[in-house]
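I opened my notebook to record what I looked up in this structure, one topic at a time.

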Amino acid sequence: MSETNIANNFIHAFIDEDLAEGVYNKVATRFPPEPNGYLHIGHAKSICLNFGTAAKYSGTCNLRYDDTNPVKEDMEYVNSIEKDITWLGFKWENKLWASGYFDTMYDAAVELIKKGLAYVDDLSADEIKEYRGTLTEPGKESPFRNRSVEENLALFTEMKEGKYADGEKVLRAKIDMASPNINMRDPVIYRIVRATHHNTGDKWCIYPMYDFAHPIEDAIEGITHSICTMEFEDHRPLYDWVLKEVGFWPNPPRQIEFARLNLTNTVMSKRYLKALVDDGVVDGWDDPRMPTIAGLRRRGYTPEAIRDFCDRVGVAKANSMVDMGLLEHCVREDLQYKVESRNVVEDPIKVVITNYPEDETEMVTVENNKNLPEMGERQIPFSRELYVDGADFMEVPAKKYFRLFPGNEVRFKGAYFIKCEEVVKNDDGSIKELLCTYDPATKSGEGFDGRKVKGTIHFVDARTAVPITIRNYGYLMVPDENGENVLNPESLVETKGFAEPLLSEAKPGERFQFFRHGYYIADEKLCKDGNLVFNRIVDLKSGYKPE
């Protein structure tokens, strides 16, 4: 079970109350995804809440697939869901399928018909919508509402036997067409759908609606607290009505709602995310720009950081917008004590140290992680020809620019003081190389004769430099002039760079801090056949200040 520390919240206050009053003598929760897409960061909050709550009360949490719609479901999504939950650090008590309860759901529907609480309706979907009324006007009863119990039983049996076309008839609960809650105005609880189901094949051509199936699934499994997002608050009266009127379960579950997660620069509609995949805007559900758990994993986020984020966000009733910077902050907090540093230069500029011996290479020592001395040190090569980062040189320096420029002296980290003497250019005016000199008396850790420099930069030895591809990711969505999220055309900027030789040993999925650049991960899909491709996980610093 995960180490996530689930803080006290209003849901736990309800649970404490139920346990104290003896309503339940245990706690059983469930995570019930529909296998019609990949899970995203919003689902991670629900996963942490449901599994974490069960762990807090030494209870159980089931993984249950809500597979009542055979048209949209796919085993690819099932496999991804299980991988995501396991990666986040959780383990389910039982793996179950809503489709495993279809017989009981059918019996429950028959029970409602026998009690005069459900009827077969011949109205079309558009007519049902028209009859339902509005928020200010009551609905009107279907002309088929008062069919006899015997007629409804016969028609429902014929629906099951496939005697009617899709959409020709539905089964509706008989509740109150004048209810102020539109969900209680005789909702449809069964419809005809001729589609092969991934679990039950062609056994069924009628399928229960979610609002009817969900409470029954919870009750069958002995779930005590059905934790849902706020959009189901208006559906709770129907949830309770189904369980009460079917009457099969003497101690039904309690539904509790919480606010779903909303993140800046992010869209978490599975339909929209699927469209991005289908239209080729991204290269799959696990594209590192996607808010899916698979995408975050490939991006390099850690399960510990995501659980920490979900814990910090907390549980509330009111919807709010959470700054993406908080998630990034949690990632930095986690990685800063876990990963080793490597020297990498982007937009490399060649440096020739004219007074350094031509055929000599020495090894200089640098720390692996400045925050964690126990991670030790490593040695990197230093020779006459090196590469520095393009951002570390300016021919005409800006004010307070302390890095390399003509006539200026800087420290090469772990090595010597280096002074830029001359800029050599190509015919097109671009920089070919920088001619520099070094001071042999200034090797890192030795005497400096009282001289000080304001700038320290890193380098990569040219002879042993390892070519790499660097993928710097921005937000997939950015606000337009009206504040609406639109696709960011610069969400991925790919560049080439050079790295110290040790990075050639990087394994897919291994994380590093690129010195002064950020945290990066060797891409699990693209690091093959000798190619080294690194995704930026997150910058080193942010202006975001968590409360």
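What follows are my entries, in the order in which I made them.

**Entry 1: ground rules.** I noted that this is a predicted model, in which local features need pLDDT of at least 70 and side-chain atom pairs count only at pLDDT 80 or more, while totals for chains, interfaces and linings use all residues. I also noted that residues are numbered from 1 along each chain as its sequence is written, and that side-chain values use heavy atoms, with hydrogens and water left out.

**Entry 2: the largest pocket.** I looked up the largest pocket and found about 1700 Å³ of space in it. Its lining has 47 residues, and those closest to its centre are Glu34, Asn36, Asp66, Tyr210 and Phe232. Here a pocket is an open set of points on a 1 Å grid over the protein atoms alone, with protein on both sides within 12 Å along at least five of seven lines; a cavity is a set of points where a 1.4 Å probe fits but cannot get out; and lining residues have an atom within 4 Å of a point. Grid points are joined across faces, edges and corners, and a volume is the space filled by probe spheres set on the points.

Helices (H or I, at least four residues) and strands (E, at least two) are DSSP runs, numbered from the N terminus. By class, I wrote down 20 nonpolar, 13 polar and 14 charged residues for the lining of the largest pocket, where Ala, Val, Leu, Ile, Met, Phe, Trp, Tyr, Cys and Pro count as nonpolar, Asp, Glu, Lys and Arg as charged, and the others, Gly among them, as polar.

**Entry 3: the one cavity.** The structure holds one cavity of 30 Å³ or more, and the largest cavity has a volume of about 50 Å³. I listed its lining as Tyr210, Asp211, His214, Phe232, His235, Tyr239 and Gln255, with the largest share, three residues, coming from α7. Tyr210 and Phe232 were already on my list for the centre of the largest pocket.

**Entry 4: the second largest pocket.** This pocket has a volume of about 540 Å³, and of its 26 lining residues Lys370, Asn371, Gln513, Tyr519 and Leu540 lie nearest its centre. α12 (324–335) and β15 (361–367) each supply at least two residues of the lining, and the largest share, four residues, comes from α12. By class, this lining has seven nonpolar, 10 polar and nine charged residues.

**Entry 5: a sheet of four strands.** I traced an open sheet with the order β4-β5-β6-β7 and antiparallel pairing, where two strands pair if DSSP finds at least two bridges between them. β4 (118–121) and β7 (206–208) each have a single partner strand, so one side of each is left without a neighbour in the sheet. β6 and β7 pair over three bridges, and isoleucine 192 stands opposite isoleucine 206 in β7.

**Entry 6: a sheet of seven strands.** A further open sheet has the order β21-β18-β19-β20-β14-β17-β22, with mixed pairing. Which strands stand at its edges? They are β21 (456–457) and β22 (460–461), each with a single partner strand. Within this sheet I followed β18 (residues 409–412) and β19 (residues 417–425), which pair in the antiparallel sense over three bridges, with valine 410 opposite isoleucine 418.

Entry 7: The axes of α2 and α11 (residues 303–313) come within 9 Å and cross at roughly 75 degrees, where axes are lines fitted to C-alpha atoms, for helices over the stretch in contact, and angles run from 0 to 180 degrees between N-to-C directions. That makes α2 roughly perpendicular to α11, a term for angles of 65 to 115 degrees, while those under 35 count as roughly parallel, over 145 as roughly antiparallel and the rest as oblique. Ile41, Ala44, Lys45 and Cys48 in α2 meet Ile306, Arg307, Phe309, Cys310 and Val313 in α11, where contact means heavy atoms within 4.5 Å.
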